Amino acid sequence: VGIGLGFPSSPDCAWYIPLGGSLGRERVLAGLKPILEDPKKSFVGHHLKYDRHVLQNEGIFLGKIGFDTLLASYLLYSHSRQHGLDFLALEHLQCKKTPIEALIGKGKQQISMEEVPFGQIAKYCGEDVVVTMHLQKRFALQLEERGLERLFREIELPLIPILGEMERRGIFLDAVCLASVTEEVGKEISRLQQRIYTLAGGALNLNSPKQLAKLLFEDLGLSPPKKTATGYSTDAETLEILQEAHPLIPLLLDYRTLEKLRSTYLESLPLEISSKTGRIHCTFNQSGTATGRLACQDPNLQNIPIRTERGRLVRKAFIADPKHCLISADYSQIELRILAHITED
């Protein structure tokens with residue numbers, strides 16, 4: 001829920017308009033709505049996809065997006081993992097912004113922004129606006145100098161509202177189907193555990209690297225391929241190397257694969273379903289990778305396994321609404337085609 005909006009009045013000054021002031025929330029929003037939705041106006045901001053969500057929650061649909069300093073920073077400095085406003089202010093303007101923790105604290109003592117005194121919020125918001133406007137001028141010149149203006153204007157900016165609508169729309173998950181897969185995988189994990197216990201000569205915690213290392217390299221006498229600072233490694237690479245050394249190792253690999261599937265997807269995905277929409281609403285991050293690909297977060301739906309039979313069953317739980325369909329599309333060998341273009345092969 002938004003508590004106020006900031007607008008520049010000059011290069012180094014800004015207005016702050018609270019939504020909870022004496023004018024009343026409804027009156028302020030009604031007055032701002034035609035301004036913010038005006039298609040003739042062009043808006044500048046930092047991480048405008050988030051701002052669009054906040055405004056849309058209030059029934060306001062932001063008009064034309066003119067510049068996003070977060071995306072400009074990403075295009076200009078894709079090698080950097082930091083594109084937050086505080087970092088950019090210090091890095092490019094030598095300006096130390098007031099950290100959010102100075103207003104709301106952190107940990108158990110943290111409060112909401114609604115509890116922060118009006119004067120502090122106004123100053124904090126004003127800083128954000130002024131810093132954003134200065135960064136916009138600097139980044140606009142750099143984009144033009146480096147030939148990135150067209151990519152920024154024609155690809156990145158138009159993608160903001162598209163990704164925003166994808167996030168709001170969400171994707172439907174067949175929880176009944178997933179529950180069936182979860183039950184089946186749970187039974188298979190139990191069977192694998194019993195077979196491993198039999199070969200090990202007793203029960204142990206298969207998720208404990210310490211107990212596993214003792215079993216493999218002391219009780220069974222296997223030769224450890226590598227050692228860590230805390231003892232013998234039992235990671236996936238180690239087990240892959242040792243899988244022919246003892247019949248217990250392939251079972252351990254299968255157990256880990258299924259246990260990860262259960263903990264990462266089968267048990268956690270149903271918890272991500274919104275009670276309001278019945279759908280999963282993840283976040284698509286335009287500035288999360290150095291390669292230009294999208295990053296999917298909370299939850300990440302881009303790394304659901306597809307090579308295993310059980311992984312494919314998880315994917316099948318994502319279905320379309322009635323009278324709709326899901327389309328899967330991908331470039332055919334895109335990296336090889338780009339390479340062939342560059343090398344003129």
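Reply: One definition before we start: Ala, Val, Leu, Ile, Met, Phe, Trp, Tyr, Cys and Pro count as nonpolar, Asp, Glu, Lys and Arg as charged, and the others, Gly among them, as polar. Keep in mind that this is a predicted model.

Me: Okay, now helices. How do I read a packed pair?

Reply: Two packed helices are described by the angle between their axes and the distance between the axes. Here, H4 (residues 85–93) and H6 (residues 118–145) pack at about 55°, with axes 10 Å apart. They're therefore oblique to each other, and H4 passes H6 in a left-handed crossing.

Me: Which residues of H4 and H6 make the contact?

Reply: Leu-85, Leu-88, Ala-89, His-92 and Leu-93 come from H4, and among those from H6 are Asp-128, Val-131 and Phe-139. By class, the contact has 7 nonpolar, 3 polar and 2 charged residues.

Me: What does H6 give to the lining of the second largest pocket?

Reply: H6 gives the most, with 7 residues, and H4 supplies at least two. That pocket has about 1400 Å³ of space. Of its 41 lining residues, the closest to the centre include Tyr-50, Cys-125 and Asp-128.

Note on methods. Residues numbered from 1 in each chain as written. Predicted model: local features only at pLDDT ≥ 70, side-chain atom pairs only at ≥ 80, totals over all residues. Heavy atoms only, no water. Axes fitted to C-alpha atoms, helices over the stretch in contact; angles between N-to-C directions. Helix = DSSP H or I, 4+ residues; strand = E, 2+ residues; numbered from the N terminus. Parallel < 35°, antiparallel > 145°, perpendicular 65-115°, else oblique. Left-handed = near helix turned anticlockwise from the far one by under 90°. Contact = heavy atoms within 4.5 Å. 1 Å grid on protein atoms, 1.4 Å probe; cavity = no way out; pocket = protein on both sides within 12 Å on 5 of 7 lines; lining within 4 Å. Points joined across faces, edges and corners; volume = space filled by probe spheres on them.
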